[in-house]
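Reader: I've got a model open on my screen and I'd like to learn how to read it. Could you walk me through it, one feature at a time?

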Amino acid sequence: MLGSSFAVGAAQATGPRFLSHQALYELSLVKSRGSNAINAARGRILYNFSGSACEGYTSEFRQVSELNSGEGKLTLSDLRSTSWEDATGKSYRFKIDTRMNDSEAPPVDGMAERVGNRITVKLKQPVAKTFDLEGSIVFPTEQIHRIIEAARAGKSILELTVYDGSDNGEKVYNTLTVIGQPIPGDRSIASPDPSTDNDRMKSLTRWPVTVSYYDRDARAREGEQTPVYAMSFELFENGVSRALVLDYNDFVISGALGKFDVKDSRPCK
């Protein structure tokens with residue numbers, strides 16, 4: 001679920017211009033809590049984003065992590081996802097592969113098209129099927145686009161329903177986004193990283209953002225609930241994220257930006 005949800009937002013021709021880039025995040029344990037507490041965690045996230053408002057946006061995501069629960073109990077997970085979304089948020093293609101220790105889950109492969117006021121999903125895997133999603137739903141790239149628009153407008157709360165193809169390809173999330181005060185690019189920073197040191201990034205505004213993800217179906221059945229997971233990060237106005245924190249309820253992992261490279265992109269003709 002994380003891979004597609006982490007994708008940088010798409011922009012319409014009049015929206016913000018997003019930066020094609022590659023980012024490497026080094027993962028480490030912040031704290032552990034609850035009944036499934038862990039002793040240590042490490043790993044990496046490698047994220048590639050490219051595209052334009054005319055050709056759509058492609059993201060490639062891989063997260064490899066090792067969780068140590070003590071007494072020699074290690075859990076190694078490897079999540080890979082690729083997705084493409086057109087710049088108007090009407091079409092979304094996705095493929096997600098997940099491996100846990102030596103067990104490989106069936107891949108999720110499909111596409112979703114916005115038709116009127118509903119979304120039609122066509123899955124190839126794990127099971128070939130077609131179904132409709134009703135309601136006001138956005139894809140993950142459009143989600144980040146909306147967050148940046150809300151941040152620029154001075155809003156602090158944003159609620160969106162998101163479809164990202166995760167789990168078995170049928171999951172829909174209700175999300176609650178909390179947006180903090182803007183951070184000017186010229187403000188001194190306690191923990192600089194390759195993004196804040198980059199000449200193309202130094203003048204850009206960014207915002208502290210926390211997005212909580214709730215299972216829409218579970219909420220309908222059970223009423224109020226805790227989020228399935230939450231992501232906090234500083235979001236630049238060109239879609240780059242730094243200072244990543246992933247909260248999985250039982251434990252919290254930070255993702256420090258260890259490498260950041262700007263990629264060439266073709267302008268719209």
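This is a predicted model: local features need pLDDT of at least 70, side-chain atom pairs count only at pLDDT 80 or more; totals for chains, interfaces and linings use all residues.

Reader: How do I decide whether Thr161 is buried or exposed?

Author: Look at relative accessible area: under 20% is buried, over 50% is exposed, and partly exposed is in between. Thr161 has 17% relative accessibility, so it counts as buried.

Reader: Now the whole chain, please. What is the secondary structure of the protein chain, and why does its radius of gyration agree with a compact globule?

Author: The protein chain has three helices and 16 strands. A compact globule of 269 residues would have a radius of gyration near 18 Å, and the protein chain has 18 Å, so the two agree. The C-alpha trace spans about 50 × 45 × 35 Å along its principal axes. Buried residues make up 47% of the 269. As for contacts between residues at least 6 apart in sequence, 55% of them join residues at least 24 apart.

Reader: What should I look for in a nonpolar core?

Author: In soluble globular proteins, nonpolar side chains tend to be buried together. Here the largest nonpolar core has 58 residues, and those with the most contacts inside it are Val121, Leu133, Ile147, Tyr163 and Phe233.

Reader: Let's take Leu133. Which residues does Leu133 touch?

Author: Not counting residues up to four places away in sequence, Leu133 touches Arg118, Ile119, Val121, Tyr163 and Val172. Leu133 lies in strand 9, residues 129-134, and is buried, with a relative accessible area of 7%.

Reader: And which residues are in contact with Phe233?

Author: With neighbours within four places in sequence left aside, the contacts of Phe233 are Ile144, Trp207, Pro208, Val209, Val211, Ser241, Arg242, Ala243 and Leu244. Ile144 is also one of the buried residues of helix 2.

Reader: How do I read helix 2, then?

Author: Check its span and its burial. Helix 2 runs over residues 140-152 and reaches 19 Å from its first C-alpha to its last, close to the 18 Å expected at 1.5 Å a residue. Of its 13 residues, 10 are buried, so helix 2 is largely enclosed by the rest of the structure. Its buried residues include Pro140, His145, Ile147 and Ala151. Helix 2 is followed by Gly154, whose phi is positive, near 80°.

Reader: Which residues other than glycine have a positive phi, and near what value?

Author: Asn101 is one, with phi near 55°, and Asn249 is another, with phi near 75°. Asn101 sits in the loop between strand 5 and strand 6, while Asn249 sits in the loop between strand 15 and strand 16. Asn101 is at 36% relative accessibility and therefore counts as partly exposed; at 31%, Asn249 counts as partly exposed as well.

Conventions
Residues are numbered from 1 along each chain as its sequence is written. Side-chain values use heavy atoms; hydrogens and water are left out. Helices (H or I, at least four residues) and strands (E, at least two) are DSSP runs, numbered from the N terminus. The expected span of a helix is 1.5 Å times one less than its number of residues. Buried means under 20% relative accessible area, exposed over 50%, partly exposed in between (1.4 Å probe, protein chains only). A nonpolar core is a set of buried Ala, Val, Leu, Ile, Met, Phe, Trp, Tyr and Cys residues joined through side-chain atoms within 4.5 Å. Contact means heavy atoms within 4.5 Å. The radius of gyration is taken over C-alpha atoms; the globule rule is 2.2 Å times the number of residues to the power 0.38.
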